[in-house]
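Here are some notes for a colleague opening this model for the first time. Please read them with the structure in view.

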Amino acid sequence: MKKLLFLSVLVLAGCVGRPENIVPVNNFETTRYLGKWYEIARLDHSFERGLSHVTADYSLRQDGGLKVLNRGYKEADAQWKEAEGKAYFVDKKDVGYLKVSFFGPFYGSYIVFDLDQQGYSYSMISGPDKSYLWLLSRTPTMDPALQQRLVEKAQGLGFDTSKLIYVKQN
């Protein structure tokens with residue numbers, strides 16, 4: 001029984017871990033991060049498969065965490081899909097390292113490792129390993145030169161950017 005408990009703790013702790021060489025941003029300002037973000041690109045995962053027009057909307061929760069509302073259009077079903085989650089800071093509130101849950105007590109890492117700290121106009125997010133990557137923008141499109149620079153940065157950090165899905169937003 002002790003072994004099973006220990007393994008469970010290890011598995012759950014691994015879900016909020018950080019990939020090697022992925023460093024969360026400092027001077028993170030929660031209030032500036034709130035609001036709607038558009039998904040520009042992502043690595044594929046079953047929970048977003050087939051979705052276009054994907055957005056994430058962040059707002060404050062009464063318990064000090066963040067409410068996360070993800071929304072996307074599933075063309076195959078001709079309907080909108082939504083998932084509501086909650087996020088909490090793993091360490092300090094001024095570090096872009098959060099844990100997010102859409103499924104009860106199970107949390108995954110949400111690591112803001114690149115952010116336009118002037119205007120909060122774009123961010124890059126990693127999950128607990130490098131199979132998770134999101135490029136977000138405050139607008140449905142992104143300047144191509146900026147997008148290329150961010151994709152090159154992600155590639156340099158070890159993400160397989162050849163598998164990026166560029167999300168239809170128009």
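1. Ground rules. Helices (H or I, at least four residues) and strands (E, at least two) are DSSP runs, numbered from the N terminus. This is a predicted model, in which local features need pLDDT of at least 70 and side-chain atom pairs count only at pLDDT 80 or more, while totals for chains, interfaces and linings use all residues. Residues are numbered from 1 along each chain as its sequence is written, and side-chain values use heavy atoms, with hydrogens and water left out.

2. Cys-15. This residue sits in the loop between α1 (2-14) and α2 (30-33). UniProt, in an unreviewed entry, gives Cys-15 the feature "lipid moiety-binding region: S-diacylglycerol cysteine". UniProt positions follow the numbering used here, feature names are shortened, and annotations may be inferred rather than shown by experiment. Is Cys-15 buried, partly exposed or exposed? Cys-15 counts as partly exposed because its relative accessibility is 28%. Buried means under 20% relative accessible area, exposed means over 50%, and partly exposed lies in between (1.4 Å probe, protein chains only). Setting aside residues up to four places away in sequence, Cys-15 touches Tyr-107, Gly-108, Ser-109 and Pro-128. Contact here means heavy atoms within 4.5 Å.

3. From an unreviewed UniProt entry comes "domain: Lipocalin/cytosolic fatty-acid binding", listed for residues 30-169. That span is 12% helix and 48% strand. Its end C-alpha atoms lie 25 Å apart.

4. The largest pocket. Its space comes to about 840 Å³. The lining has 34 residues, and those closest to the pocket centre are Phe-47, Asn-70, Phe-102, Phe-103 and Trp-134. Two or more lining residues come from each of β2 (51-60), β3, β4 (79-89), β5, β6 and β8. By class, the lining holds 19 nonpolar, 8 polar and 7 charged residues. Ala, Val, Leu, Ile, Met, Phe, Trp, Tyr, Cys and Pro count as nonpolar, Asp, Glu, Lys and Arg as charged, and the others, Gly among them, as polar.

5. How spaces are defined. The work is done on a 1 Å grid over the protein atoms alone. A cavity is a set of points where a 1.4 Å probe fits but cannot get out. A pocket is an open set with protein on both sides within 12 Å along at least five of seven lines. Lining residues have an atom within 4 Å of a point. Grid points are joined across faces, edges and corners, and a volume is the space filled by probe spheres set on the points.

6. The cavities. How many cavities of 30 Å³ or more does the structure hold? There are 2.

7. Salt bridges. The structure holds 9. The term means a side-chain nitrogen of Lys or Arg within 4 Å of a carboxyl oxygen of Asp or Glu. Asp-114 and Lys-153 form one, at 3.2 Å from N to O. This pair links distant parts of the chain, with Asp-114 in strand β6 (residues 106-115) and Lys-153 in helix α3, 39 residues apart. Asp-114 is buried, at 7% relative accessible area. Lys-153 is partly exposed, at 34%. Glu-39 bridges to Arg-42, with the closest N and O atoms 2.5 Å apart. Both Glu-39 and Arg-42 are buried.

8. Ser-126. This residue lies in strand β7 (residues 122-126). Ser-126 counts as buried because its relative accessibility is 0%. Beyond neighbours within four places in sequence, the contacts of Ser-126 include Pro-19, Ser-109, Tyr-132, Trp-134 and Phe-159.
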